[in-house]
Amino acid sequence: MSIPLYSFLFAYILFLIFFVIFYILIVYHIHISASYTIFSFFITFFVGTCAILTFYFTWHLLSDVDWKKRVVLFENNSMTLFEKPAPIPLDENVPGTQDEVNFN
Amino acid sequence: MKMFRVPKMKLTLISLMDIARFIKKKSYEKIELVLRRHVITFLAHVFLFALLMLAPVIFYFILKNLFPGIFEMEIIYIFLVLGTSIFYMTAYLLFFVHFLDYYLDLWIVTNDRIIDIEQFGLFSRTISELDLFRIQDVTSNVHGFFPTMLNYGNIHVKTASSNIDIVFRNVRDPNTIREQLIKLSDEDRKFHYKQDKDENQ
């Protein structure tokens with residue numbers, strides 16, 4: 001079974017959406033609790049900057065990746081149970097494995 | 001280039017205005033104290049965050065020494081980069097949630113009441129209120145090496161009539177605050193006593 005590489009990218013984007021939602025939620029909490037001071041602004045700015053830098057470096061490091069490639073997760077051998085096995089190739093040098101055996 | 005600097009006084013004023021709106025300040029009320037936990041109590045989270053930041057770097061060097069060719073394999077490289085990115089983002093979120101937990105614990109003392117706001121994680125908050133004239137007992141305690149050195153501790157405010165007891169956790173200079181609370185409570189009690197007397201006459 002194989003899946004395209006971009007499915008991992010989609011999972012990462014989903015995580016980023018989750019991150020942004022939580023970030024906005026925390027900023028909203030700070031705002032409604034009348035706690036928007038220089039210190040809270042600094043922490044908000046610090047976390048936001050770190051997240052943007054991390055995203056930028058991730059994007060930069062993965063910019064050359066061909067996302068259309070497929071990744072083989074595991075080989076699917078289970079079907080061979082229900083299929084006729086392939087014939088074993090005969091070796092001419094080994095006696096007893098040829099089609100016609102000369103007993104003389 | 002023109003530089004704009006916001007004076008500290010103005011920022012304090014903005015913050016106080018926000019707090020006044022938040023607690024729905026009455027016309028006769030005056031905000032006396034706005035208390036938060038001592039910043040040293042947040043330092044443990046800062047150290048944890050620093051350790052989390054270092055973990056992927058250490059992991060990278062260990063992997064590089066044990067399996068030198070591992071980063072040549074494209075699929076492993078992609079997984080490691082995406083995984084590290086997710087790890088860092090999660091660490092930022094955890095740090096931010098801990099900051100929220102620390103910073104949104106707030107005690108506001110006006111000349112009429114005490115408002116205790118306690119934040120638990122991201123989705124839980126408790127707000128309780130206590131009239132100053134109901135205060136029966138105020139106790140401050142400073143326990144441990146760091147609290148003694150840095151002068152921070154807890155203040156327990158108890159009332160006789162209601163079952164609400166407020167605890168100011170790890171606030172700076174607890175003894176001075178305790179004295180201020182007793183003074184404010186006495187003033188409020190005198191005011192209420194006078195008001196009751198005027199009403200009876």
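F96(B) is found in helix α3 of chain B, where helices (H or I, at least four residues) and strands (E, at least two) are DSSP runs numbered from the N terminus. F96(B) is buried, because 25 other C-beta atoms lie within 10 Å; a residue is buried if 20 or more other C-beta atoms lie within 10 Å of its own, exposed if 12 or fewer, and partly exposed in between, with C-beta atoms placed from the backbone. Not counting residues up to four places away in sequence, F96(B) touches I26(A) and V47(A), a contact being defined by C-beta atoms, placed from the backbone, that lie within 7 Å. The C-alpha atoms of F96(B) and G83(B), 13 residues apart along the chain, are separated by 20 Å.

The structure is a predicted model, in which local features need pLDDT of at least 70, side-chain atom pairs count only at pLDDT 80 or more, and totals for chains, interfaces and linings use all residues. Residues are numbered from 1 along each chain as its sequence is written, while chains are lettered from A and ligands numbered from 1 in the order in which they are written.

The contact between the chains takes 27 residues from chain A and 25 residues from chain B. On the side of chain B that touches chain A, α1 (8-22) and α3 (74-103) each supply at least two residues. The largest share of that side, 16 residues, comes from α3(B). Its residues divide into 21 nonpolar, 2 polar and 2 charged; Ala, Val, Leu, Ile, Met, Phe, Trp, Tyr, Cys and Pro count as nonpolar, Asp, Glu, Lys and Arg as charged, and the others, Gly among them, as polar.

Chain A contains 2 helices and 2 strands, which follow the pattern β-α-α-β along the sequence. Of its 104 residues, 9% count as buried. In α2(A), the buried residues are S40(A), I43(A), V47(A) and A51(A). These buried residues pack against α1 (6-32) of chain A together with α3 of chain B. The 24 residues of α2(A) should span 34 Å at 1.5 Å a residue, and the end C-alpha atoms are 34 Å apart, which agrees; the expected span is 1.5 Å times one less than the number of residues.

In chain B, helix α2 (residues 40-66) has 27 residues, which should span 39 Å at 1.5 Å a residue; its end C-alpha atoms are 39 Å apart, in agreement. α2(B) bends by about 25° at L54(B), and the proline P56(B) follows within four residues. The bend is the angle between axes fitted to the seven residues ending at a residue and the seven starting there.

Chain B is divided into domain 1 (44-100) and domain 2 (104-200), with bounds from an automatic or database domain assignment. Taken over C-alpha atoms, the centres of the two domains are separated by 43 Å. V142(B) is found in the loop between β5 (135-141) and α4 (145-150) of chain B. With 17 other C-beta atoms within 10 Å, V142(B) is partly exposed.

Over residues 1-11 of chain B, pLDDT stays under 50. Where pLDDT is low, the predicted coordinates should not be read in detail. The predictor gives the complex an ipTM of 0.78 and a pTM of 0.77.

Key:
Two residues are in contact if their C-beta atoms, placed from the backbone, lie within 7 Å. pLDDT is the predictor's confidence in each residue, from 0 to 100.
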